[in-house]
Amino acid sequence: MQDLSIVVVARSLDVTPALIHYYIGGRDWLTSGIMNLFYKSLIRKWAEPTGDWEQDVENSAKVLFDHLVAYPGISAYLVLNHRFRVFQLTAFGDQDYGAEVLDQFVGHVRAAGLSESALGSTPNSSMRFVINTAHQATHDLLPADHRQFLEDKLASLDPRRTQNIVYGKVGPLQLNADSLFKEDFHVPPGHPARSRDRGRGRPGNTRLGQAETLSEIDASNGSTARHAFPGLTVHV
């Protein structure tokens with residue numbers, strides 16, 4: 001995606017760039033068209049609602065994560081670009097599938113009872129977490145991708161001078177994309193978001209609002225804070 005251009009496409013099709021411009025309209029339309037096809041194929045894989053907002057959010061996020069892993073060029077583009085991240089250029093009655101994906105994901109989060117203002121930031125933070133994690137998975141940016149090098153390096157350290165690193169050395173070596181997603185994208189047991197709904201007699205129905213942030217994302221380097229849905233806020 002980063003190297004995509006009208007010239008490259010024209011060369012691959014053995015036609016002139018002017019012809020591509022005539023039919024497509026420029027690089028923005030080309031990029032948006034690819035993103036719209038990505039989201040169209042994602043919609044076909046979208047999980048059916050279960051009626052449990054927590055499970056629906058996690059299922060949808062996992063489908064998006066797996067789809068991004070299958071298309072590493074898309075995940076790399078989304079990490080570095082905001083344009084066409086969701087909304088696409090459309091014409092001649094074409095559907096904006098990016099908008100459809102966002103609407104369905106926001107619908108799952110809305111079912112948790114978020115306020116209108118919180119509903120704007122929470123889905124964005126959650127999807128940003130998924131995008132960053134998928135990017136790390138497809139570009140060998142996680143510790144498990146470099147396990148042998150790290151094991152050799154850790155073995156060479158003086159435990160008297162680096163006792164804290166040595167103490168916690170095993171955990172990071174096991175951190176891959178799947179474990180990062182599973183550990184970070186959930187509401188932990190005992191959290192207020194899992195408190196029992198007295199009216200329905202099951203967990204997961206506490207109304208969410210704008211008080212306590214459960215997880216934050218450093219968008220500049222893709223790092224995450226553990227615990228709960230990224231960006232999820234709960235009224236306490």
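Which residues in α4 meet which residues in α6? Before I answer, please keep in mind that this is a predicted model, in which local features need pLDDT of at least 70 and side-chain atom pairs count only at pLDDT 80 or more, while totals for chains, interfaces and linings use all residues. Residues are numbered from 1 along each chain as its sequence is written, and side-chain values use heavy atoms, with hydrogens and water left out.

Now to the answer: W53, D56, V57, S60 and A61 in α4 meet F105, H108 and V109 in α6, where contact means heavy atoms within 4.5 Å. The helices here are DSSP runs of H or I with at least four residues, numbered from the N terminus. The axes of α4 and α6 come within 8 Å and cross at roughly 150°, and that makes α4 roughly antiparallel to α6. For these words, angles under 35 degrees count as roughly parallel, over 145 as roughly antiparallel, 65 to 115 as roughly perpendicular, and the rest as oblique. The axes themselves are lines fitted to C-alpha atoms, for helices over the stretch in contact, and the angles run from 0 to 180 degrees between N-to-C directions.

Let us turn to α3, residues 27-45, whose axis comes within 8 Å of the axis of α6, residues 97-110, with a crossing of roughly 45°; that makes α3 oblique to α6. On the α3 side the contact is made by N36, Y39, K40, L42 and I43, and on the α6 side by Y97, G98, E100, V101 and Q104. Sorted by class, the residues of this contact of α3 with α6 are 5 nonpolar, 3 polar and 2 charged. In this sorting, Ala, Val, Leu, Ile, Met, Phe, Trp, Tyr, Cys and Pro count as nonpolar, Asp, Glu, Lys and Arg as charged, and the others, Gly among them, as polar.

α3 also packs with α4, at an angle of about 135° and with the axes 10 Å apart, and α3 and α4 are therefore oblique to each other. Here F38, S41, L42 and K45 of α3 are in contact with V63, L64, H67 and L68 of α4.

That brings us to the pockets. A pocket, on a 1 Å grid over the protein atoms alone, is an open set of points where a 1.4 Å probe fits, with protein on both sides within 12 Å along at least five of seven lines, and its lining residues have an atom within 4 Å of a point. The largest pocket has a volume of about 430 Å³, a volume being the space filled by probe spheres set on the points. This largest pocket is lined by 16 residues, and I24, W29, G33, L89 and D94 lie nearest its centre. The largest share of that lining, 7 residues, comes from α3, and by class the lining has 10 nonpolar, 4 polar and 2 charged residues.

The second largest pocket holds about 170 Å³ of space, and its lining includes Y39, L64 and L68. α7 gives the most to this lining, with 5 residues, and the lining of the second largest pocket divides into 9 nonpolar, 1 polar and 2 charged residues.

To close, Y39 is among the α3 residues in contact with α6, and Y39 also lines the second largest pocket.

Definitions and conventions. Helices (H or I, at least four residues) and strands (E, at least two) are DSSP runs, numbered from the N terminus.
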